[in-house]
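Good morning, colleagues. Please look at the model on the screen while I take you through helix packing, loop geometry and aromatic contacts.

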Amino acid sequence: MPTTTEIKTAIIGYGFSATTFHLPFILNLPQFRFTAVSTSKGEQVRQQYPDVAVYADAETLLTESDAELVIITAPNDAHFALAKLALQQGKHVVLEKPFVTRVEQGEELITLARQQQRVLSVYHNRRRDGDFLTVQKLIADGRLGEVRYFESHFDRFRPEVRQRWRESNVEGGGILFDLGPHLLDQALQLFGPPTAITAQVRTLRPQAEVDDFFHITLHYPERLAILRSSPYSASPNLRFEVQGETASYVKHGLDPQEDRLKAGKLPVTADWGQEEPDQYGQLYTADNVTPVTTEIGGYQHYYQQLASAILEGGEVPVSAEQALWNIRLIHLAKQSSASGQTIKVDEGL
């Protein structure tokens, strides 16, 4: 465990994920110090961060740097091997979602982290989206009554295939492994594991190599949860529709934090992720329609809780055990889609 209140932190990869979703928090929270990176963009990093050690490959960083925490933003199919080596080197590990590409890989990493007494966490940042926090609060406060139907979308208008690994025919490629973990993790946080799953995982764009559409139904004894992502959604996008016995909540548009981070807004105030009023969702009852102020989101809370877990033995912000459920459900969704059948979910998995 670190002997100071500053965690030496390394990042594997210096692409969009690292620079948008991780570095702004590592650089602006006092509990962390950015000390090393592995990237092919070495000269760019040296100009921006002259005190940061640059490694040409991840393996050398993991075996030679003195980093205490490693954030892995490499392609999905590299997650397992890199996390395993990092844990073997005695480092704490944060993996970008998805956790891994195979269930048995996740189980092996969980066992290794326990043996090494190191924190292993997965960056499910969208647990801290303001709209999701709003849904959580509406349910907890009983304003919807018993929820009977839940719908969650992460749609885009991307009719043209992009040349990038996420859209290539590699293990862990495709939209189900890319956006599926966001929607699955949120549903699991709200309702726990389902009893069964029915899914359509499709390749709709003519040029696409891998899946670019999914429609997943999670079956619960008392409700249905629908999760969807489409590349052909040009209209204003539905984000949530939650139907309860006394009211419904409908929300359009995505949480603003990603766009603000891309625009260079620093997450240095508690309300930096506050949504604008014209984006608020609506609460519908039999007699009224009421705008609902969106809760203030904040991805910084993930890293604040992570620091507490590493420095003080506090609760991990997203446990690897929780993240592994996403991988189980992804594979069951693929199985359902291929077979055309509803697949029972064994909660003992």
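Let me begin with a definition: a residue is called buried under 20% relative accessible area, exposed over 50%, and partly exposed in between, with a 1.4 Å probe and protein chains only. This is a predicted model, in which local features need pLDDT of at least 70, side-chain atom pairs count only at pLDDT 80 or more, and totals for chains, interfaces and linings use all residues. Residues are numbered from 1 along each chain as its sequence is written, and side-chain values use heavy atoms, with hydrogens and water left out.

I turn to the helices. Helices (H or I, at least four residues) and strands (E, at least two) are DSSP runs, numbered from the N terminus. Axes are lines fitted to C-alpha atoms, for helices over the stretch in contact, and angles run from 0 to 180 degrees between N-to-C directions.

Helix α4, residues 79–88, packs on helix α5, residues 103–116, at an angle of about 10°, the axes being 10 Å apart. The two are therefore roughly parallel, a term for angles under 35 degrees; over 145 counts as roughly antiparallel, 65 to 115 as roughly perpendicular, and the rest as oblique. On the α4 side, the contact (heavy atoms within 4.5 Å) includes Phe-80, Ala-83 and Leu-87, and on the α5 side Leu-109 and Leu-112 are among the residues involved.

How many residues of α4 are buried? The number is 7 of its 10, so described as mostly covered under the cut-off just given. Phe-80, Ala-83 and Leu-87 are among these buried residues. The elements covering them include β1, α3, β4, β5, α5 and β6.

Helix α5 also meets helix α11, residues 320–339: their axes come within 9 Å and cross at roughly 170°. That makes α5 roughly antiparallel to α11.

In the loop between β5 and α5 lies Pro-98, and the peptide bond from Lys-97 to Pro-98 is cis, with omega near -5°. In the loop between α5 and β6 lies Gln-117, a residue other than glycine whose phi is positive, near 55°. Gln-117 is exposed, at a relative accessible area of 64%.

Finally, the aromatic rings. Rings of Phe, Tyr and Trp (its six-membered ring) pair if their centres lie within 6.5 Å; planes under 30 degrees apart count as stacked, over 60 as edge-to-face, and the rest as tilted. The structure holds 12 such pairs. One of them, Phe-34 with Tyr-49, is edge-to-face, at 5.5 Å centre to centre and 80° between the planes. Phe-34 lies in strand β2 and Tyr-49 in the loop between α2 and β3, so the pair ties together parts 15 residues apart in sequence. Phe-34 is buried at 8% relative accessibility, whereas Tyr-49 is partly exposed at 21%.

Tyr-123 and Tyr-303 form a tilted pair, 5.8 Å centre to centre with 35° between the planes. This pair links strand β6 to helix α10, 180 residues apart.
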